[in-house]
Each structure stands twice: as C-alpha cells, then as structure tokens.
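Good morning. Please have a look at it before I go on.

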Amino acid sequence: MSDDPRPADRPAPRNADGETFAAGARVAVRLPLPLTDAYDYKVPDGLTLAAGDFVRVPLGPRRMAGVVWGKGAGDVPEAKMKAVVARLDVPPMTDEARAFVDWVAEYTLNPPGAVLRMAISVPEALEPPKPLTAYRAAAPLPEIRMTPARERVLAEAADGPPRQAAELARAAGVTPGVIKGMAEVGALVPHAIAPFPPPDPPDLAKGGPDLSPEQTVAADALSAAVADGFSVQVLEGVPGSGKTEVYLQAVADCLKAGRQVLVLLPEIALSAQWLERFRARFGSEPALWHSDLTMAQRRETWRHIAEGRAGVVVGARSALFLPYPDLGLIIVDEEHDGSFKQEEGVVYNARDMAVVRAQLGKIPISLVSATPSLETQANVDRGRYRHLHLPARHGGADLPDIELVNLTKTPPQRGQWMSPPLREAIDGTLSRGEQALLFLNRRGYAPLTLCRACGHRLQCPQCTAWLVEHRLLQRLQCHHCGYQMAPPPKCPECGAEDSLVPCGPGVERLAEEVAALYPEARVAMATSDNLYNQRTAREFVHRIENREVDLIVGTQIVAKGYHFPMLTLVGVIDADLGLSGGDLRAAERTYQLLYQVAGRAGRAEHPGRVVIQTYMPEHPVMAAIAAGDREAFLAAEAKGREDAHMPPYGRLVGLIVSGTDEAAVDAGARALGRAAPQGNGIQVLGPAPAPLAMIRGRHRRRLLLKAGRGTQVQPIVRDWIRRAAIPKKVRVQIDVDPYSFM
Ligand code: ADP
Ligand code: ZN
C-alpha cells in the first residue's frame, strides 16, 4: 500500500492479453456509431497498437475517433483497407471496459457501437486541450436590439461561471449564431477559461465517526469485500441508520488500496447534503458526473478519471461508462430507485449493469437502500447477494409514528386538499417551532385544465397527455415533450370566456392553500422546477437547516436522502397517486416512496410524525406502511409476482413500435405480432396502443414478451425482429427488463 493513495501515481494498467499490432497488421476498430461490427484498418508505418488504444481513423470523407478492439476480421480486401491515422494521447480503454461495452450491447440488444458512444460521451476529451473561450453577460449591458432569444441568453449568462458558446446556446435554446451575434455587439464578453485542476486527493487520515457495534459488523464486511474480488453486498437499513457512514468506510478502504471508487446516486445534481458529508469526511471534493456539468467540466472530468487522478467519482447512471483505469469498488445508493433505468437510446438499468461491471472487473459492489427492490431481495434469497442489515436509527432515535387519514371519512373542505387531522398536526408542529413537509408528487399548479362550458380538456398537440398548468411561470406545459403555451384567454374549443378551470392539485396549488391557511408560516417549494442544480439545492438545504422555513411543499425530489433535524411532521397529501395505472411495480414503488418520505420525519431529539391521506386505507400498501410491516407486504408482493410469473420470477421484454406515420406503425406492430415467438413458456401480449399512444408526434404501439426466469431472451428477440417485416420508417425500441409500461 502506498502512502499517497492517488491512483495517478500508479502506472496505468496495460491490457491483460498484451497483444500488440505492428505496422502492416490489421486491427478491428470500433466506432461510436450505432454499428454492430468493428471495421478493419491497417496499422501504418511507425505505429504499434494494442487492444484498447484510442485511434483516429478515416470513415468515408470524415475522420473519427474509435477504439482498437482486437485483431482485424480480415473480410476487407487488402487494397481497399484504409490505415489508422494516429493513436490518440489518452490512456487505453481497459479490457474490462471493452468487455463491458460488448456485454451491455448483447444484453440490451443494441449495436456495440451505440454503447461505445456512451463510453466516449465526450469526444473532445480525446483531443489535446485547446484554449477555451467562454462567455458571460456584459455589465453594464450595451444598448442592443432585444429579442426573446437574446433575452434567454442573457438570463442564462447573467450568473454562474462563464460558459462556452455551444453550451450557452443549448441552455438558452438558441442557435450558436445568436451567441456569436451577441458577442460581436458586446453583449457577451469572452473569457479565456483554464482547464480545471484534478480534485484534491481525499484525506484518509481524518476517518469517520465511531461506528456502533451493528454498523461495525456491516462496515467490516464491506471492507473485507474490498480486498476480495467480485461480490454483491446489499446494505439495508432504515433511513438514518448510518448506511452512508458505513459505506464511506469501505470507500476509504478502497482509496487506501490506491483504487478508484464509483458511487451512483439518483439525482446527483441535488445531493447537496451528501456532498457536504463527503467534504467533511475526506476534506476534498469527489469528481462529479451529471447532466448539469458544462462541456469544459465534462471534458476535464473525463480526462481526470482516465488518467486516474480522480479517486472517487459520484454520478448518475452514465458514470458507469467513464474510463476508470483501476476501479476497485462500486456503491449504488438508493438502489431501488427507478431513475437508474435509462429509458431512451440504449435502454438499460444502471443498477443491474453496475453489478455486471463489478463482475467483469472482479470487484465488490454494494447496493444500498432502506427499501431494497424485490429483484435485489430475490437475489439475496437465492444466495447470490450477501445481505447486511442495520436494524435501528443511529443514536436510538425512534422511527416516526405513521397514521392514515381516511379521506372518505374525514375529507378536506371543498376546494382544499388538507384534511382536518393533517391541519391539526400542522398546527401543533408550527406551535412548537418545528418544521413540516407536505408531500405531493405532482409538479405545477394543476394536472388538468378543463372548460366548464363544453368539457374540453387542454391537451398536448404532440402527445397523449394533458397540459399541466404552471401558474408561477404562467405556462401550460407537457411533461412528456416539453411543449408549452401561454394559458389561453378563452376555451380553444367553444370560445367561452373565463371558463377554463384547474382540476386537481399540484404542489403550486397546495402551496397556495398553505399560504392562505398559514399566512404567518414561511413556505418553501421543492420541485425540479426550482431545485434544478447544485446551487439551488444547496441554498434550499441551508434555508431549512438555518430554520428560515416552517413548511416545505415538495415532490419526490425531497423524499430522498435529506436529513433535517427540526423536520418533525410529514404530511402526504395523496398517497394513492402512484397506485393507478396497474403497473407491475406500482405497489412496490408506492411503498418505497411513502416509506422514504416518512423517513424524513424526526431525528435524534425530536420524534417524528407522519400523516398519510388516502382514499384506500385498506390497500395492502397503506396497511403495511401504517403497521410498519414491510416483511408481510413484501412477502405478499413476491407471492403475487411469483404466481403471475412476473419479474423477478419471470422475464419481460418490451417492444415499442413508433413512428410518425400511424398506418406504418400499425403495420410494423402487426408484423411483429404475426412473427411472435412461441413455445418454451413464451407468451407475447399485444400489439396494443401504448398508454401514451403518442409522444412528440410519434405514434406508439407496444408488445410485451413474457418468458420463464431461466430463459435467455436475447436470441429469441433478435430472431423475432429479424423475421418481422417492419416498414423502414418505423422504429422498434427494445426494453429488456422494462420498468415503464407507458
Ligand atoms: P442513512 O444513510 O442510513 O440514512 P446516515 O449514514 O446518513 O444514515 O446517518 C444518519 C445520521 O446519523 C447522519 O447525520 C450521520 O452522520 C449520523 N450517524 C450515523 N452513524 C453515526 C455514528 N456511528 N456516529 C455518529 N453519527 C452517526
Ligand atoms: Zn407533449
């Protein structure tokens, strides 16, 4: 073990097989394009290549970066074969990383090149650093002709670090030409930006708190795993039981061994409190990877990781594909979280793929949750994953009391959303000077706007979805495609004036009710509309911690991970919201969400209380939450799934057929229906219109393949698609292990 744990000081690992390709040899180069095959290229004079090397190659008239995948296949005639242009000055892609690309491609039924594209998500990082120019709004602003586009640019460029033109254009939704024009007239000022330094090495001498005996058992088990090859540890414990403290010890052990750590977190941009704890413990910043990074940050971070200069990487799901030279440990926090599933492009579940990545790298992985998914639980039951349990809250704090309010018996007043029992609980909390969270998992003011005169509902022109009113922005928005419009002055259908009324509550409407009922209370909203990056999240956290807020009105964005010592009451406005729709995991997900929200209430000195409003107090989810009986609920859920041969006791693959031409989409869906595989316990449901029958103007049909748990579904689906005559302009997206059935 070295004293300085920085992985940078170790030699970059060469590839295991060590095979090299001398001048004149053929190599197979994979390109980050949706291609199944690697292409053959000749190694030019003066160059020796090895598998994993990043190279630039000609492709038609273009040149592009790719990766040497191995020996060439030899199917291109010598005379037609082009030569590699150059090897790029980047550490090579490891054997594990390449095997991972191929594995994910095979599993998700995508061309390997499409997966490689996720691993080369920052092509700029492969090039030598260029001097970068970034822009900020001029102050004072010169007199310029204003347009809505220019106003948006100025709003974006007004604060924060200077941003590069392309970045700024994207953020403001304008063309790069707008940025250029504004720079020419002096409204934007150029700044030369320096490349970012790598993160400071973590201070491993600091150490964490003294762990309790139960925590020590779990931490020792994780630490032992760090030295011991591939294994999966499930770390389960109620919110506040110290899971984070426990896994941070394993993180420290892995860093001491000089290897890198990946921590996957949902909603990483918002994990303000997590980052503060990391800083407190290690005296440094981890490398962050999420959608809120600037292009320059992305480039630098990618390189720091590739060069082994970033010890700990914290990221959203795509961080799985970063170029770790020496990954030693993966942590998946909130492993049950649905946001680990990527639903567009290459459809994959980062939690599951992280386990594969760990296996290929022969390293341990910890899946952390207060409510592990049934999939993970089943793997524990089958003896494949090891289970570690933290039974109690740290410091002996009690779990909150959870009570159900039956809305059929004690409804709120007409036009309101908070029932008398919840109002009483809020009164008590406020009078004690404590804080309450009112949870409603719906953004905006109202989910539906309808005409009182003719019954017309305002719908997205491109999607099968209602427009959601956002009163603060004075917009109607589609949450599926981003379409928006100003609220119309009269009904677009019948022309009646003042006839459009909001139906149902969103958080904005709830906040309005709260303000009317508690005019003295200081109210903070917490939704993705106002907490959208690290800065806004950090400010929010500080306001709550400094007790500048009495009531929080929030969506699921506050359900995760936050600890506020003075927050003693959680009110759930509509606990039934996630149960409609009949989705396979609706009950499980609702339980997880309610449990997690409930976990925000009460800490050490201040006991918590949770009031859950429901129309279905008898529903098994509500009964289990109220009784604190997770075991019985899980057992029943598992039994139901097992009887129905549903995951994790059966396999599912979703096929989504889509296109702008409805007749062609139907033809494609029918062709797939006719070619449906049979036998071996396979069942194909559909084709049927998807619940979201249209998104962004594309018509959608679904098919669902069901198979036994042991079935290898990939060859079956590949063969199925090959046999169906699918019209050219129709796309078929494959979703192995689907989470969304919309
Ligand atoms: P979880 O991840 O299970 O929600 P955390 O690790 O965040 O739990 O712990 C909850 C709170 O208790 C945190 O503020 C943490 O610092 C504190 N804590 C947990 N274990 C200990 C310990 N052994 N000594 C001191 N504080 C602890
Ligand atoms: Zn839409």
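Which helix gives the most to the shell around ligand 1? That is α7, residues 243-256, with 3 residues in the shell. Keep in mind that this is a predicted model.

In total, 16 residues surround ligand 1, and the closest are Asp210, Gly240, Lys243, Thr244 and Arg277. Sorted by class, the shell has 8 polar, 4 charged and 4 nonpolar residues.

Now some contacts. A polar backbone atom of Asp210 is 2.8 Å from a nitrogen atom of ligand 1. Ser241 also has a backbone N or O atom 3.3 Å from an oxygen atom of the ligand. With Arg277 it is the side chain: one of its N or O atoms is 2.5 Å from a ligand oxygen. Taken alone, ligand 1 exposes 550 Å², and the protein buries 77% of that.

On to the sheet. It is open, has 4 strands in the order β31-β32-β30-β33, and the pairing is antiparallel.

Strands β30 and β32 pair over 10 bridges. Gly650 stands opposite Gly708 in β32.

Two helices remain. Helix α18, residues 662-674, packs on the sheet and touches β30, β31, β32 and β33, with its direction at about 10° to that of β32. Helix α19, residues 713-723, lies across β30, β31, β32 and β33 and runs at about 30° to β30.

That is all from me.

Notes: Residues numbered from 1 in each chain as written. Chains lettered and ligands numbered in written order. Predicted model: local features only at pLDDT ≥ 70, side-chain atom pairs only at ≥ 80, totals over all residues. Heavy atoms only, no water. Near = heavy atom within 4 Å. Polar contact = N/O pair within 3.5 Å; in protein donor to acceptor, adjacent residues only side chain to side chain. Areas by Shrake-Rupley, 256 points an atom, 1.4 Å probe, with all protein chains shown as cover. Nonpolar A, V, L, I, M, F, W, Y, C, P; charged D, E, K, R; others polar. Pairing = 2+ DSSP bridges. Contact = heavy atoms within 4.5 Å. Axes fitted to C-alpha atoms, helices over the stretch in contact; angles between N-to-C directions.
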